[in-house]
Amino acid sequence: MSPLAEESCVACRADSPRLTDAEIATLRREVPQWSVVERDGVPRLERAFTFPNFVEALAFTNALGALAEGVGHHPALTTEWGRVTVGWWTHAIAGLHRNDFVMAAKTDERYTSR
């Protein structure tokens, strides 16, 4: 488990700084299965998780929804048969913040503990 999974999200405002490329590179080592992708001009962390069926994919989606709601930080979730794609970024800054890496690590933990 990544030490990031033990951290909590901090309140983020529109004037919070985005992570630098160097900070992103360092944090990516803790969540190596995640990719940094750009969607609509905004960098995000993204990973696809596989499941044997739709019911388990939907249960994972719902578990992530509850986790996200609990911390007030919400991902993009695409649920389909046998697959859930998760995208984390910080809407307030239209970019990546440490919170996104914390939540990626928590997502990995949720996936492995299911």
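A crossing of two helices is called left-handed if the near helix is turned anticlockwise from the far one by less than a right angle, and right-handed if clockwise. In this predicted model, local features need pLDDT of at least 70 and side-chain atom pairs count only at pLDDT 80 or more, whereas totals for chains, interfaces and linings use all residues. Residues are numbered from 1 along each chain as its sequence is written, and side-chain values use heavy atoms, with hydrogens and water left out.

The crossing of H2 and H3 is right-handed; helices (H or I, at least four residues) and strands (E, at least two) are DSSP runs, numbered from the N terminus. Helix H2 (residues 54–71) packs with helix H3 (residues 98–112) at an angle of about 145°, their axes lying 11 Å apart, where axes are lines fitted to C-alpha atoms, for helices over the stretch in contact, and angles run from 0 to 180 degrees between N-to-C directions. In contact, meaning heavy atoms within 4.5 Å, Phe60, Ala63, Leu64, Leu67, Ala68 and Val71 of H2 meet Met103, Lys106, Thr107, Arg110 and Tyr111 of H3.

An open sheet is formed by four strands in the order E1-E2-E4-E3, with antiparallel pairing, two strands being paired if DSSP finds at least two bridges between them. Strand E1 (35–39) and strand E3 (76–80) are the edge strands, each pairing on one side only. E1 pairs with strand E2 (residues 42–50) in the antiparallel sense over five bridges, and Glu38 stands opposite Pro43 in E2. H2 packs on the sheet, where E2, E3 and strand E4 (83–88) are touched by this helix, and the direction of H2 makes about 165° with that of E3.
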